[in-house]
Structures are given as structure tokens and as C-alpha cells.
Amino acid sequence: MRTPLPPERLRTGRAGGCPGDGVAGARGGSASAAMSSEPWPGLPFLPGCAFRDLMKTSFHRSQTLGYKNGFAFSRLPTVGIGGERLYVNQLSQAELDELSNVRPTLTYGQAKQAPPSGFIPAHVAFDKKILKFDAYFQEDVPLSAEEHYRIRQVCIYYYLEDDSMSVIEPVVQNSGLPQGKLIRRHRVPKNDHGDHYHWKDLNRGMNITMYGRTYRIVDCDPFTQVFLESQGIELNPPEEMVFDPYTELHRMPIRKYVTPSDFDQLKQFLTYDKQVLRFYAMWDDTDNMFGENRPYIIHYYLANDTVEVREVYKQNDGRDPFPILIKRQRLPKTFVEKKKTFPSCVLEISDQEVLEWYTAKDFAVGKSTTLLGRTFFIYDCDEFTRNFYRDKFGITDFQPVEIKKKPLEEVPQVIPPYNGFGFLEDSLQNCFSLLPKPPRKDIIKMLENHHKVLRYQVALESPNPEDRKRRFILSYFLSNDMISIYEPPVRNSGIIGGKYLGKTRVAKPGSTADNATYYEPSDLTIGSTIEVFGHRFVITDADEYVLNYMESNAESFPAATLQSLRDHFRPRQVVKETANS
């Protein structure tokens, strides 16, 4: 510590000291605090212009480390280098005023406060406290024709003790998918900046992405809801869990238990066992092609309300012996109005699909009943059935209905027009049978006129001069009334001769397919014109055999035809007689 100067030294300095000392004495403590390097006021801060304080003898630093009762403690320095007093560590006027206002505290000491509560670490405070969220994610199924995507339900767990998370999918039997722990327990990264998911980032009705897979959170458990609401987080309303459509489609239907009715089926069986109602019915199928009226017998079994339809088989009726048309079963009368996407004939009919079944009161004589799409008209019943309806329902009218057969409608046969192929009679047989037979021939005429042919010389009637010189031989066959035309070849004529028309029947102009008329020997006279399939020929000559045949059968030919041939052959006969004479 710096030692203060004695009073006499101060006074001496005032009387005869140097100007610097006098000034220092006049200033008192402030002069002693000035550094030796500080210039005198008014002098420049240059070498030689500074005055050293001769009273400063100690230039060490104050010690701030002390020991008390074996313990080291630090203390604030009060003086600086050279023994200068430090005002920095002294109390200010404001602090002194504050101390004056707390005299009771200084007198009686500080008020006793409750000891602070013990520190509890997070792994102890949040031990076994887990937030549970129900979620799902959608997975694409590219290589399946039955499903395009798959819904997988998961549980997201958030562990409060270390802010870690895990995702677990409940295991489904025979699913064929790797299930269980999808994401192990650890702190899940939130983004690429190093942030991790916190429980403040989780809420209902939101999407959360972890490792490229997006989960949809739909709900949470009650503990999670209470915890988040206690922390001031407003929860979104819960959503319904989405189920996998493929799994729901193949899920087994829930069993429905139906309360049994009060109707005693055992009593019905014991009462009406071996009692059968018999009805005689007809099925009218004449409206369809090849349909007819067919008799049937309808049996109604009173023991279990089943119906059986049997055919009436007769000997030599041309039908296979299948006596049962509808086997014994319960027949539905009214179905539930429901759209069916599959044929009902393949599926078994259950009680849930039928509103009403056929009973004994649905059958009556003189009425029609539709069973599985076929309408049967009941025209009679047996004696036991009459007695049952009389005792059970009070019906007394059992007059049988007489069944009258409908007369068959005659369908007129329409013959199509002749197409020109083949003979008309031969083509017409295709309209009468699937296996046509050749038309009948006049065997007697063929035998009588075998090898009898009438030959005529004809010329082609044509506007071309080249065709006018052509000559043909027309042959008429008496055995089958056919005509053939032959052209004798002529050298250097430029026309190839030979068969012009094969043996065929030639129809007269104006004849139709319904009423066809053909050329006969009476139509072939000298000078007459015949039309053969659009070509016109003029008869110019004939054989003598034609005249001889007609004269021998003069009753079969008109006189004009015979006279024309006689007039044509008379000049030849005159010349022949002249030559012979």
C-alpha cells in the first residue's frame, strides 16, 4: 500500500518546493494520483516536458488471490500500479443510496427463502412416456391387374425422453409383405439442414415425410391428446382410417345371427310327411320356333314347402326320357330389389335375397303360375289336392279346364325367283328340301322316242353382215324335249364352228319361272323365228324325217305346221319324181 505523506512535508512543499511539488501539494491527493509521464497542463506532450512523481516508489500489481481457512478465494484490487487508488471497484453514489434503503436487511439479514426443487433429468421425467399416432401410407402396385395401389396402416411412436421416433406396421397374417418395424427408433431427420422432428411438428390430419415416404396422420391416443393440449397445441379433428380396397374386397363377410322364427318346422314335417299336392298343367311354347303344348305334373310337398315339376313321358313320342324338368326345391316368388352383377342361375339363392317363397295358396286350378321363368297353366288336380284345399282354404270350385289345341297356322311357301343356273325344275327342288332330289322323268316317253331327233337348218338373225351367212343345225330331241344347236365349220370363214348350244330346254319369250312354257315341235315351222337366250334364229330348212314323223303322228301336231313342211318339200318331190321318170 502507498504511505501518505506527513503534514509537515506537505507544508514544506508549499513553502519552498519546486513549482511542481507546490502544485501537487495544493491539489492534495489528486496530484499524488497523477502519473509521472503525464505532462504539465499547458505543455506539449514531448520528451523533456514530463515530470516524474518522486513520491511513487512501488510499481507492482496488487495481489488478488488470498486464502482463508485453507480455501482460496479472489478479491478485487483497490490500488493500481504505483499505488494509485482505483475507483472502479468502489461503490457509486446510486449504490450507496440503495444501501441506505435496505437497513433492515443489513440489520436483520436476508429473508429466508424456500430451497429450490431438486433437478430432474429428462430421461427420468419422461421415462416410458410415448406419444402414439395412427397413420397410413399409400404404396403403388404397378404389376397387378387386380389392384393399382395398396394402403398400409402404421403406428408412429414418439419417445419424449430422447425425442426419438419409430414406425411399426401391425403384422397381418398371410399378407405376403415384410411387416413389423419399418423405421427403427432414432432421431428422424426433418430436412437437409440437420434439424430433427420434434413433438411440436406432429398433429392430426397432416402429412409427414420420413425417408422419402409420406405418412398421413389421422388420429392419436388419449394420452397424446392430453399431452399436446397441455402444451398449448391445438389439435386438428380426427380423420377416418383408410383401409386397403383389395383387402376389403376379399374380407370374409361378418356373420349375421338371425333369431329363429316361432314356426315349428319339425311339427310341419311330422304332420304333413308324405303328403303331396298334385296338379296337372300345360306349358304353352307355341309362340317360339318349334314350340308346342307340353303336359307337366307339378308336385307340392307339404312337409317342407318344396316344388317339383315332372314331364309326362309317353311311349314313342320321339323325346328322350328325362322325366324331371325342375328338381325338388323351394322356388322363389319375389326377389329383393337388388342389382345383380353375376348370373343368378349359377349361385345358390339364400333367404336374404328372397322376399316371398311359393306356398300352397299360390297354386289353383284354372290359373297360370310362373316357375323359374316358365308359365304353367293348371287345368286339373287329383282328389287328395281337392280335399286339402277344401279343408284348409275352403275352396270348392275344382272344375277342370278343357285344353284345346291351337290349329297350326299355314305359312305360305314363297319360292324365290329363278337365278338362271341349271334347269328350272332341278333348281326348284332346293326350295322343297335340304337334300334335293332330281325331278321325275317320263320314262315311257323316253323309251318310245329314244334316238328320235328332229333336225332343222336355221340362220342367225343379226345386223352384222358376217353373221347373216352363218348356218346352224338345230336338233330337237323328242325323248326329253331338249334343243341343241351345232354350227358346221366353214373353211376360210374366220369363224370357228362346233357346238353352239348344248342340250337344254329353251323357254319361250315371255314365260316366267312360275309358268314356264318351252318350245315344242309344233312351234318349229319353216320360216318361223325362235329366240334362244337372246339370240334369234330363222328356220330355213328341215330333214325329210321331220315331215315323215309329223305325217305319221298327224294327230299330235297342228295342221298349219304339217302344211308348212309339205309346201316346203313339194318342189323337191316334184324334181325327184321328174328325175325318176
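In what order do the six strands of the open sheet stand? In this predicted model, the strands follow one another as β6-β5-β4-β3-β8-β7, and their pairing is antiparallel. The edges of the sheet are taken by β6 (180–186) and β7 (206–210), each of which has a single partner strand, so that one side of each is left without a neighbour in the sheet.

Helix α7 lies across β3 and β8, and runs at about 110° to β3. The buried residues of this helix (residues 222–230) are T224, F227 and L228; seen down the axis of α7 they fall within an arc of 95°, and therefore line one face of the helix. Such an arrangement can be read against the geometry of an α-helix, in which residues three or four places apart point the same way because there are 3.6 residues a turn. The buried residues of α7 pack against β3 (130–140) and β8 (213–220), whereas P222, V226 and S230, on the other side of the helix, are exposed. Just after α7, G232 adopts a positive phi of about 85°.

A pair of aromatic rings is described by the distance of the centres and the angle of the planes. For F137 and Y215 these values are 5.4 Å centre to centre and 75° between the planes, which is an edge-to-face geometry.

Since buried means under 20% relative accessible area, F388 counts as buried at 13% relative accessibility, and Y389 counts as buried at 3%. Both residues belong to one aromatic cluster, which is formed by Y272, F279, Y300, Y358, F363, F388, Y389 and F393.

Aromatic rings also receive charged side chains: the charged end of K503 sits over the ring of F477, 4.3 Å from its centre, while R505 lies over the face of Y518 at 4.0 Å from the ring centre.

Note on methods
Residues numbered from 1 in each chain as written. Predicted model: local features only at pLDDT ≥ 70, side-chain atom pairs only at ≥ 80, totals over all residues. Heavy atoms only, no water. Buried < 20%, exposed > 50% of the residue type's maximum accessible area, 1.4 Å probe, protein only. Helix = DSSP H or I, 4+ residues; strand = E, 2+ residues; numbered from the N terminus. Arc of directions from axis to C-beta. Contact = heavy atoms within 4.5 Å. Phe/Tyr/Trp six-rings, centres within 6.5 Å; stacked < 30°, edge-to-face > 60°. Lys NZ or Arg CZ within 6 Å of the ring centre and 35° of its normal. Pairing = 2+ DSSP bridges. Axes fitted to C-alpha atoms, helices over the stretch in contact; angles between N-to-C directions.
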